[in-house]
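Thanks for asking me to look this one over. My comments follow as numbered points, to be read alongside the model.

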Amino acid sequence: MFCNWLYTSYLLSAFVTFGLAATADEWRGRSIYQLLTDRFAVPSGTLESHCDTSKRTWCGGTWNGIRERLDYIQNAGFTAIWISPVNQNYEGPPTVYGDPYHGYWTADLTQLNSHFGTSDDLKALSADLHRRGMYLMVDVVINHVMSISTTPDYSGYLFKDESFYHPYCPIDYSDSTSEKICWMGDEMVPLPDVDTTNPTVIKRYGEWVQGFVKEYSIDGLRIDASDILTYSDSERHVQADFWPEFCGKAGVFCMGEVFGGAEVDPIANWQGPLDSVLNFPVYTALRDAYTIPGPGDVAGLDMSLLGNFLENHDLPRWHNLSVDPQSLHNAMAWNFMTEGIPIVYYGQEHGFTAPGDPDNREALWPSGYANSTTYQFITMLNQLRNTLIRTTDWLSTETVILTSSPHGVAFIKGTVISVLTNVGSPPSIGTHITTKSPYPVSMRLTNVVTCQQWVVGSGGSIDVDYSLGGVPVILLPSNQLEGSGLCGEQLDEVKRSGGQADPLGSSALSFRSRPYTLLLASWTAVGLGLGL
Ligand SMILES: *[C@@H]1O[C@H](CO)[C@@H](O)[C@H](O)[C@H]1NC(C)=O
Ligand SMILES: *[C@@H]1O[C@H](CO)[C@@H](O)[C@H](O)[C@H]1NC(C)=O
């Protein structure tokens, strides 16, 4: 939400993950559906409001609403959800930026936000997710609280004395000293900056998060504006020693939102105290055919803990940037078939087209939670990825680029070869991507997107022809399909681990005759962004 003010620097942000190794390991194989509680689903018996995003007020979604729609999320193969902040927010007359329907305007961290339900409702959501083998990730705001005055009465916050905050000053984003000690927001909605170098603050935050995670059985935290915290001068945006302590107390996986420099280097520096990984350079490369992120030294980063996304609550919807449905499908396939934890922002499965905040926080209910083409495509990607993770060492393998050209890229991770393109939906006669694979001539592969059979050519060659349009091609050795639930194969229930959604046997078939598409990134740039 703070991105109202930081929007211009969104291109520079990245996710960085940090936390306990064991829990990070448990998250590595997950797939996350990100939703805004107020906009995802209203509980049964409640009228589905006409939700005008420009009004920036509550539309009626609740934790019970989410509970009743968990099938919708799990049937698409997701194994975790990330929900908006749950803690009490500002209660008062609407501000010039509306009401805190998004949950990012923290008041008292020790209370829940009554607009979204009761403590029992949140516990029930957590329990329902766990019964399904799914994880709950909760967004938390630690850096600041919200006020409507630059001289707030602090008695309503967790930290009740002004000595726990930096004195008011507006942030000058061109000055890094100002960034660490000044307040985000503006004079109408200032965000008092908690002094996270204060030992009492560190201790109380630790106690708070420990109790909070335990009470609601939370599996992971997404930390808003985690880089804006005060920091020592050697780290660009973060007080490096705050997070290990905080996340250690939480005892769960922490995924941070980080605003780094345009360069990749400062983000790479996070590797010390944090299990850091960046994905915004990938987003940027995928988004913009003409933006090449600096190659940077990302070799030491743990790519498998990146949060890979194409949309979020601060960015324009993908289809606002690129209307061709295949642009989305090819880019999504990248996020699922390479290293990283795929994250899909609710509504992406329905091709929403809004530009940024507040328009990109649409109510989902007008979609009817329908089984759209993109919903089915995502289901197929999740099913394939879940199967590979369950039955092979795919997660620990490294993506290797086989070839890249102005039309696209071919890469292999584990046994799966993906060929992605930016040629777009219309037929592109004469356009090919030809690559060598490690497979022997005549070996049988299945393209799980269309369920068509492929045969490896001489010298291991694979040739993808775009005369029917730019469909993503994802090739799996046919003998590995068994038990996957893909392309007519039964899902092997015995091997099925908790948390894997019911794969939908033939969902991929419906893509067989669709025109395919895409007009996005310079794939070479993507490779560079990954340091490949
Ligand atoms: C993207 O958003 C802009 C700004 O609101 C709008 O004018 C444009 O029509 C949108 N583009 C698409 C493809 O929806
Ligand atoms: C969506 O539609 C596909 C194709 O008809 C079908 O295989 C799949 O089961 C459906 N998914 C859901 C959740 O209904």
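1. How much accessible surface does the protein chain have, and what share of it belongs to carbon and sulfur atoms? The accessible surface comes to about 18,600 Å², and carbon and sulfur atoms hold 53% of that area. Please keep in mind that this is a predicted model.

2. On the overall fold, the protein chain has 532 residues, 63% of them buried. Its secondary structure comes to 15 helices and 18 strands. If you take the contacts between residues at least 6 apart in sequence, 76% join residues at least 24 apart.

3. Now to ligand 1. The residues around ligand 1 are H319, N320, V323, T353 and P355. The protein covers 41% of the 360 Å² of accessible area that ligand 1 has on its own. Sorted by class, this shell holds two nonpolar and three polar residues, with no charged ones.

4. W318 belongs to helix α12, which runs over residues 318–321. Is W318 buried or exposed? Its relative accessibility is 2%, so W318 counts as buried. Along the chain, W318 and P355 are 37 residues apart, yet their C-alpha atoms are separated by 8.7 Å. P355 is one of the residues around ligand 1.

5. With 17 residues (199–215) at 1.5 Å a residue, α8 should span 24 Å, and the end C-alpha atoms are 24 Å apart, so the two agree.

6. Which residues of α8 are buried? They are V201, I202, Y205, G206, W208, V209, F212 and V213. As a reminder, an α-helix has 3.6 residues a turn, so residues three or four places apart point the same way. The buried residues of α8 pack against strands β4 (135–141) and β7 (220–224), and also against helix α9 (242–250).

7. At the start of α8, a side-chain oxygen of N198 comes within 2.7 Å of the backbone nitrogen of T200. Just after α8, S217 has a positive phi of about 50 degrees.

8. Next, T338, which lies in the loop between α13 (325–337) and β10. T338 has a relative accessible area of 3%, so this residue is buried. Its side chain reaches the backbone oxygen of W334 at 2.8 Å. Which residues does T338 contact once neighbours within four places in sequence are left aside? The partners are N308, W394, T399, F411 and K413.

9. S372 sits in the loop between β10 (341–345) and α14 (373–391). At a relative accessible area of 18%, S372 is buried, because the cut-off is under 20%. A polar atom of the S372 side chain lies 3.0 Å from the backbone nitrogen of Y375. With neighbours within four places in sequence left aside, S372 is in contact with E349 and H350.

Conventions. Residues numbered from 1 in each chain as written. Chains lettered and ligands numbered in written order. Predicted model: local features only at pLDDT ≥ 70, side-chain atom pairs only at ≥ 80, totals over all residues. Heavy atoms only, no water. Near = heavy atom within 4 Å. Areas by Shrake-Rupley, 256 points an atom, 1.4 Å probe, with all protein chains shown as cover. Nonpolar A, V, L, I, M, F, W, Y, C, P; charged D, E, K, R; others polar. Helix = DSSP H or I, 4+ residues; strand = E, 2+ residues; numbered from the N terminus. Expected span 1.5 Å × (residues − 1). Buried < 20%, exposed > 50% of the residue type's maximum accessible area, 1.4 Å probe, protein only. Contact = heavy atoms within 4.5 Å. Polar contact = N/O pair within 3.5 Å; in protein donor to acceptor, adjacent residues only side chain to side chain.
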